[in-house]
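Here are my notes on this model. Please read them with the structure open, starting at the ligand.

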Amino acid sequence: MGAMLRRLILALSRSRAAGHVAENVPGVRGFSRRFVAGVRCDDVAEAVRRLNAQGFEATVSCLGEDVRSEREVEASLAEFAAFFAAVREGTLRSHLSVKLSQLGLAFDEALAARSLDRVLCEAADAGTFVRIDMEDSRYTDATLRVFREARSRHDNVGIVIQAYLRRSTADIEALAAEGAPVRLVKGAYREPEDVAFEDKREVDAAFVRLAETYLARMAAGGRLAVATHDVRMVRAALQSARRLGVKRDRFEFQMLYGIRGDLQRALRDRGYTVRVYVPYGTHWYPYLMRRLAERPANLWFFLRGALRR
Ligand SMILES: Cc1cc2nc3c(=O)[nH]c(=O)nc-3n(C[C@H](O)[C@H](O)[C@H](O)COP(=O)(O)OP(=O)(O)OC[C@H]3O[C@@H](n4cnc5c(N)ncnc54)[C@H](O)[C@@H]3O)c2cc1C
């Protein structure tokens, strides 16, 4: 039942029509604010300022994905430029997280690569770092290709590895040897069984194994972001780091805005770097649906919002 519901929610997350309806229902919009900092760049700057003052780092995501025209890519670039301006002016401590499909990867890989190059130059001017989010498995090879090409010219860029993908052991071994900064996540998309583990225990075991592999093999420049709200994954990563003698400045924890604030504070209080992923923007629907799929208990609050329209 849980797995079926999850699959249904993830299928709905890819419907543009459902997204258009949901984004315009006031009650649902209200509910989205639990996970999304707002719709404007000013909203996210304010949220980051608050987090920084509480001792958290941030990585901001301007929501939007599956862009289908060059004009939409230009709009993404303008949004990123506004964020970098806010970083410079407001002295915010924040990275940027981008999806290559926001830069046109779905229809023109060369355009995505050129656009990423622009983003990384602007990020360097603002003194900050860009993390390339990992999307569904249709994009894995192309995302890694564009990342590696960008990394040959820029050192302010990192990538994401999804523990649920069967291929990830080979990918993380190679990235660790290259000293590429990696964010490790469980994986949030709907994938076929031959591509990804379906059983949660297998995904969890892979996460623990991949964190250990990266920490044991990372070359100079490498840094691991352990991105999870699962306290068992956090403990396992800490044990690996301790066993392998990895210093605290070579890894950090990352969690999503609005999720497990208690765990975020506990790790911060123990002196670990905790970076909060802060999304904002008008196209929050697919992001919100992936958060619902992770925790269908949230569905009740979502439906209550929808019925209140
Ligand atoms: C910083 C960050 C960046 C990410 N980037 C990517 C990416 O680029 N690509 C990608 O595929 N995925 C990404 N993800 C999502 C990730 O793949 C998982 O889907 C998500 O983190 C849930 O898995 P979990 O590790 O928290 O463990 P789970 O086993 O799903 O959850 C563990 C516990 O966390 C809490 N929790 C988890 N999710 C929720 C929720 N939605 N609402 C309330 N409580 C919750 C619950 O207490 C739950 O018991 C990212 C996650 C983080 C934290």
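1. Begin with R183. An N or O atom in its side chain lies 3.2 Å from a nitrogen atom of the ligand. Keep in mind that this is a predicted model.

2. Two further side chains deserve a look, both facing ligand oxygen. For K186, an N or O atom of the side chain is 2.8 Å from an oxygen atom of the ligand. For E294, the corresponding distance to a ligand oxygen atom is 2.6 Å. How much of the ligand's accessible area does the protein cover? On its own the ligand has 930 Å², and the protein covers 86% of that.

3. Next, the site. The ligand sits in the largest pocket. Around the ligand are 25 residues. The closest are G187, K200, T228, H229 and E294.

4. Which elements each supply at least two residues of this shell? They are strand 4 (157-162), strand 5 (182-185), strand 7 (251-256) and helix 12 (285-294). Strand 7 gives the most, with three residues.

5. Now the whole chain. The protein chain has 13 helices and eight strands. Along the principal axes, its C-alpha atoms fill a box of roughly 55 × 45 × 40 Å.

6. Does the chain's radius of gyration point to a compact globule, or away from one? A compact globule of 309 residues would have a radius of gyration near 19 Å. The protein chain has 18 Å, so the value agrees with a compact globule.

Conventions. Residues numbered from 1 in each chain as written. Predicted model: local features only at pLDDT ≥ 70, side-chain atom pairs only at ≥ 80, totals over all residues. Heavy atoms only, no water. Near = heavy atom within 4 Å. Polar contact = N/O pair within 3.5 Å; in protein donor to acceptor, adjacent residues only side chain to side chain. Areas by Shrake-Rupley, 256 points an atom, 1.4 Å probe, with all protein chains shown as cover. 1 Å grid on protein atoms, 1.4 Å probe; cavity = no way out; pocket = protein on both sides within 12 Å on 5 of 7 lines; lining within 4 Å. Sits in = over half its atoms within 2 Å of the grid points. Helix = DSSP H or I, 4+ residues; strand = E, 2+ residues; numbered from the N terminus. Rg over C-alpha atoms; globule rule 2.2 N^0.38 Å.
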